[in-house]
Amino acid sequence: MVNFSLPGYHIQTGSPLDRSRLVRVMECNHQELTANGSSLSMAATVDRYLSSQTPLWWIWPAANQQQPGVESSEVVACLWLGQAIDQYNGLPHPYVLLLYVSPHHRRRGLATALLQVAHSWAKDQGYSQISLQVWTNNQPAQALYRKLGYQPQAILMKSYLEVV
């Protein structure tokens, strides 16, 4: 049972049947954070990882709390978990593949509530940790994660190669 209580919103568990909705939300997220949102790569990511084993939750506005310019059927937030292996201890654990809150619904506690749902789910499944990756330029997300007890464990480094 999902424990979610945030006035004006309700939560729904997703499934692999939500593929197209998940691709759209991932595209929105990616376009906000980068200049080059490629729907092809988002669709490929969803196709590769979405399954009945990857929990997905959607947040919808409550019917009686309609926001101007927002349709009642519009998803306002989502959280999608995948599976990762801890490189220190080799244990499998949930990994946040996507946490997204639409701009008109930010700073209302939705991301915190979704992460609390994920934490409860993970504990119920017997996991002792959750991991995620956050862009270095996404300071609001980093502040949220720190507030919820997330700590840096590694730094992702890249070397761009000249293609010949």
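Which residues is Leu79 in contact with, leaving aside its neighbours within four places in sequence? With contact meaning heavy atoms within 4.5 Å, the partners of Leu79 are Pro55, Leu56, Trp57, Val96, Leu98, Leu99, Leu114, Leu115 and Ala118. This is a predicted model, in which local features need pLDDT of at least 70 and side-chain atom pairs count only at pLDDT 80 or more, while totals for chains, interfaces and linings use all residues. Residues are numbered from 1 along each chain as its sequence is written, and side-chain values use heavy atoms, leaving out hydrogens and water.

- Five strands form an open sheet in the order 1-2-3-4-5, with mixed pairing; strands here are DSSP runs of E with at least two residues, and helices are runs of H or I with at least four, numbered from the N terminus.
- Strand 1 (9-13) and strand 5 (131-132) are the edge strands, each pairing on one side only; two strands pair if DSSP finds at least two bridges between them.
- Strand 2 and strand 3 pair in the antiparallel sense over four bridges, and Ile59 stands opposite Ala77 in strand 3.
- Strand 3 (residues 77-85) also pairs with strand 4 (residues 92-101), in the antiparallel sense over nine bridges.
- Along strand 4, Tyr95 is the bridge partner of Gly82, and Pro94 stands opposite Gln83.
- The hairpin of strand 3 and strand 4 has six residues between the strands, and Gly90 takes a positive phi near 75° there.

**Packing and cores**

- Helix 1 (residues 19-33) lies across strand 2 (56-61), strand 3 and strand 4, and runs at about 75° to strand 4; the angle is between N-to-C directions, on a scale from 0 to 180 degrees, of axes fitted to C-alpha atoms, for helices over the stretch in contact.
- Seven of the nine residues of strand 3 are buried, that is, under 20% relative accessible area with a 1.4 Å probe, protein chains only.
- The largest nonpolar core has 25 residues, and Phe4, Ile59, Leu79, Leu99 and Leu110 have the most contacts inside it; such a core is a set of buried Ala, Val, Leu, Ile, Met, Phe, Trp, Tyr and Cys residues joined through side-chain atoms within 4.5 Å.
- Helix 3 gives the largest share of this core, eight residues.
- A second, separate core of 16 residues includes Val46, Leu56, Trp58 and Val75.

**Confidence**

- The mean pLDDT (the predictor's confidence in each residue, from 0 to 100) of the protein chain is 88, and 90% of its residues reach 70 or more.
- Residues 68-72 have pLDDT below 50, and beyond near neighbours in sequence this stretch has six contacts in the model.

Terms used. Buried means under 20% relative accessible area, exposed over 50%, partly exposed in between (1.4 Å probe, protein chains only).
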